[in-house]
Amino acid sequence: MADRLRVALAGLGTVGGGVVRLLEANEGLITRRAGMPIEIVAVSARDRSRDRGIDLSRFDWVDDTAGLASRDDVDVVVELIGGSDGPALTLARNTLAAGKAFVTANKAMIAHHGLELARQAEDKSVALKYEAAVAGGIPVIKGLREGAAANEIGQVYGILNGTCNYILTTMEERGSDFADVLAEAQALGYAEADPSFDIDGVDAAHKLAILSSLAFGTRLDFDGIAVSGIRHVIAADIAEAQALGFRIRLIGLAESDAGGLFQRVHPCLVPTSHPLAHVAGSLNAVVAEGNFVGRLFFQGRGAGDGPTASAVVADLIDIARGEYGPAFAMPVDALAEPPVASSAVRRGRAYLRFTVVDKPGVLAEIAAAMRDSGVSIESLIQRGTAPDGSAIIAIVTHAGPERAVTDALERLRGSASLTGEPMLMHILDL
């Protein structure tokens, strides 16, 4: 790597095509900022015949993706295949073993195998970069790893999945049901044919695991994240939240203290006074609270060819400059391994929604369960009866231990008064 940075690109989908176009469109500027030209020399993808709208004839085509790692004319491999294991992980391991830099947008692979790959990169003194793995074009990885490096971070949290945010804010704007908006998101390409990873919170959890490690200097612990998604949010929840001065967002939250590392992805009621309440559509946003810098707020497009390609090329520019350090801001051996903090002792307010049979005594039964579990009720609203004879009861609790709310719901489990599972959403009071 003397006069140019030679790149092999694995994966030519939306983001891969965006990388090719960005390197062409901003070639002069990128060369000046990198200190040398950045050139793609080889590419690989599943379907060679597919028309991607870009000229690939000047690049060597490699059918065996794993072979990119062993090429003598390659300095860095960019992986845009996806998947936590399989060809992507094989390529990562082979690239680092060959002493070449590796750039990826693969949050699942980093969340599950990031420590192994980081150690391998350290052993070979090469770069492992993954800015595009979290929040697309928002430079939150660089912000935490470099800009806030001198700070002790108390909390990191935010809106980490654009699909969920699009669904929730569209439900909010139109009063639509979840299923209808999901179908629309799929038609527009915002949601996959199988949207489970997005709407069940798994995608956000992958990103939160990475942010937690960077923020707190801890080992990745995806399995320690409590995950729930937005699948069971209904239009009535959106309306009740608005009436109470909140908006519903899927929030990934991590905190580290003497009790250990707490990580959760969960739909939350966000006060309209909080900046996250105003993050709409498919945007992402991340908040980090530093002990000297204060609140840092990162917002922007979290997916798509342009933003994600921007983050990938930013990593390539850093590599060309020789500007890189440990993948998780400190050597792997320096990362702490705190215990998983229990949610039971956390204090906060909660929103509870019950769908009940509209008959005498139901309110008293719910109130008694709350009383016996030590839950103090701040507000309680019952709406009119639906055609099927059910009614909705919405409760907001005063601040108290989360285990009290959990206990109250357990007391009500199996009650003949309830026609469905209660919905629990925590209130973001940060």
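Reader: What share of contacts between residues at least 6 apart in sequence join residues at least 24 apart?
Author: 74% in the protein chain. Contact means heavy atoms within 4.5 Å. This is a predicted model: local features need pLDDT of at least 70, side-chain atom pairs count only at pLDDT 80 or more, and totals for chains, interfaces and linings use all residues. Residues are numbered from 1 along each chain as its sequence is written, and side-chain values use heavy atoms, with hydrogens and water left out.

Reader: How many helices and strands?
Author: The protein chain has 13 helices and 18 strands. Both are DSSP runs numbered from the N terminus: helices are H or I with at least four residues, strands E with at least two.

Reader: How compact is the chain for its length?
Author: As compact as a globular protein of that length, because its radius of gyration is 24 Å, close to the 22 Å from the globule rule for 430 residues. The radius is taken over C-alpha atoms, and the rule is 2.2 Å times the number of residues to the power 0.38. Along the principal axes, the C-alpha trace spans about 80 × 45 × 35 Å.

Reader: Switching to H7. Which residues are buried there?
Author: Phe178, Val181, Leu182 and Ala185, in a helix covering residues 178–188. Buried means under 20% relative accessible area, exposed over 50%, partly exposed in between (1.4 Å probe, protein chains only).

Reader: Why do they line one face?
Author: Seen down the axis of H7, they fall within an arc of 105 degrees, so they share one face of the helix. The arc is that of the directions from the helix axis to the C-beta atoms.

Reader: What sits on the face turned away, and what covers the buried residues?
Author: The face turned away carries exposed Ala179, Asp180 and Ala187. The cover includes helix H6 (162–174) and helix H8 (196–199). Just after H7, Gly189 has a positive phi of about 85 degrees.

Reader: Now Gln155. Where does it lie?
Author: In strand E7, residues 153–159. The Gln155 side chain makes a polar contact with the side chain of Glu255, at 2.9 Å. That term means a pair of N or O atoms within 3.5 Å; within protein, one must be able to donate a hydrogen and the other to accept it, and residues adjacent in sequence count only if both atoms are side-chain atoms.

Reader: How do E11 and E12 run?
Author: Antiparallel, with 8 bridges joining E11 (residues 283–290) to E12 (residues 294–301). Strands pair if DSSP finds at least two bridges between them. The two form a hairpin with 3 residues between them. Leu283 has Arg301 as its bridge partner in E12.
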